[in-house]
Amino acid sequence: MAVPKTVLWDRDPHTAAKHNLLRKYLEPWAPILLSRHATITYAEGFSGPGVYSQGEPGSPVVALEAFAKALQHRSGRIRMVLVEGDERRESELRSQLDKAREHHSADVSRRLRVNTHYGECHPTLLEQLRLQGSLGKPLFVLLDSYGGPDIPFSLLQELGKHRSTEVMVTFQPAFLTRFGEANENHRRAGTPPSEAPSGTQCSISRRTRSSLSSATSTGRAFVEPASPTLFFEMVDEETMSST
Ligand SMILES: C[S@@+](CC[C@H](N)C(=O)[O-])C[C@H]1O[C@@H](n2cnc3c(N)ncnc32)[C@H](O)[C@@H]1O
């Protein structure tokens, strides 16, 4: 689905599932990180207006609620750095976040600093994160351009330099299908390591490797034990379940 031209749009079921996932991740993420660090940062490069047409919260508000909950039980501070490329949506986002903050205590609001910025995700996001001194410190970045532009690789490269940074990127599954169909090398990247071309690499931690073991055993991913290389295979779920 392409993002419409209007300021708000209907929330589709995929978006509801994405928010659910985000909430489930951030609710434990914030208290765990706050138990070890005085300040942690959450950032979005494609923030949206903070609300959907039927009043459902957008991802920045979902995150804010998870953080307010964490700050009730933990000391420390949480910074939110939110970039939105449409001026009307950025203005709506600011008012949605102000409204959401009103429901929380003065102490929680004081320790939950929210900055919204109207601008292009890249380079605005990195500029703001640098200004705030957030790079290289505990940082979670949501890059949700779903239905919009591609995520600049240079942005991911820059964020990926810091071990303390986590990034969640959303994309439309149809893109992967087209990507695989269009280029023989890309399609071959979905084959086992012995046959895959070089260049299809990404670093993964030992913990991630072990959590991938179930995917590996069902044939959905291949992890080469001796190198930090992860190969994904596109599978047709329906075909797999009927075989
Ligand atoms: C999929 S929506 C974000 C939805 C939001 N993350 C949520 O879940 O509620 C993508 C947003 O990115 C904005 N956008 C598109 N291109 C952009 C760019 N280059 N830089 C910053 N924002 C952009 C759009 O205006 C739109 O509001």
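Student: How many residues of β4 are buried?

Tutor: First, the terms. Helices (H or I, at least four residues) and strands (E, at least two) are DSSP runs, numbered from the N terminus. A residue is buried if 20 or more other C-beta atoms lie within 10 Å of its own, exposed if 12 or fewer, and partly exposed in between; the C-beta atoms are placed from the backbone. Now the case: 5 of the 5 residues of β4 are buried, so the strand is largely enclosed by the rest of the structure.

Student: What kind of model is this, and how are residues numbered?

Tutor: It is a predicted model: local features need pLDDT of at least 70, side-chain atom pairs count only at pLDDT 80 or more, and totals for chains, interfaces and linings use all residues. Residues are numbered from 1 along each chain as its sequence is written.

Student: Which residues of β4 point one way, and which the other way?

Tutor: L139, V141 and L143 point one way. F140 and L142 point the other way, and all of them are buried.

Student: Which strand is joined to β4 by 5 bridges?

Tutor: Two strands pair if DSSP finds at least two bridges between them. Here 5 bridges join β4 (residues 139–143) to β5 (residues 165–169), and the two run parallel. F140 stands opposite E166 in β5. The chain crosses from β4 to β5 through helix α6 (residues 153–159), and this β-α-β crossover is right-handed. Right-handed has a rule: with the strands pointing away from the viewer, the path from the first strand over the helix to the second runs clockwise.

Student: In which sense do β1 and β4 pair?

Tutor: They pair in the parallel sense, over 4 bridges. Y42 stands opposite F140 in β4.

Student: How do I check the length of a helix? Take α3: what span is expected?

Tutor: The expected span is 1.5 Å times one less than the number of residues. Helix α3 (residues 87–102) has 16 residues, and 22 Å is expected. From its first C-alpha to its last, α3 reaches 23 Å, which is close.

Student: Which residues of α3 are buried?

Tutor: R89, E90, L93, Q96, L97 and A100. Seen down the axis of α3, they fall within an arc of 120°, so they line one face of the helix. The arc is that of the directions from the helix axis to the C-beta atoms. The face turned away from this buried side carries the exposed residues E87, S95, D98, K99 and E102.

Student: How many residues of α2 are buried?

Tutor: 11 of its 15, so α2 counts as mostly covered. Among the buried residues are S59, P60, V61, F67 and L71. The length of α2 (residues 59–73) agrees as well: it should span 21 Å, and its end C-alpha atoms are 22 Å apart.

Student: Which residues of α5 are buried?

Tutor: C121, L125, Q128 and L129. Seen down the axis of α5, the buried residues fall within an arc of 100°, so they line one face.

Student: Is the peptide bond from H122 to P123 cis or trans?

Tutor: Most peptide bonds are trans. The bond from H122 to P123 is cis, with omega near 20°. P123 lies in helix α5. P123 is partly exposed, with 15 other C-beta atoms within 10 Å.

Student: Where is A38 found?

Tutor: In the loop between α1 (13–34) and β1 (39–44). With 10 C-beta neighbours inside 10 Å, A38 counts as exposed. A38 and G76 are 38 residues apart along the chain, yet their C-alpha atoms are separated by 4.7 Å.

Student: Which residues come nearest to the ligand?

Tutor: A residue is near a molecule if its C-beta atom, placed from the backbone, lies within 6 Å of it. Of the 20 residues around the ligand, F46, G48, G58, S59 and G85 come nearest.
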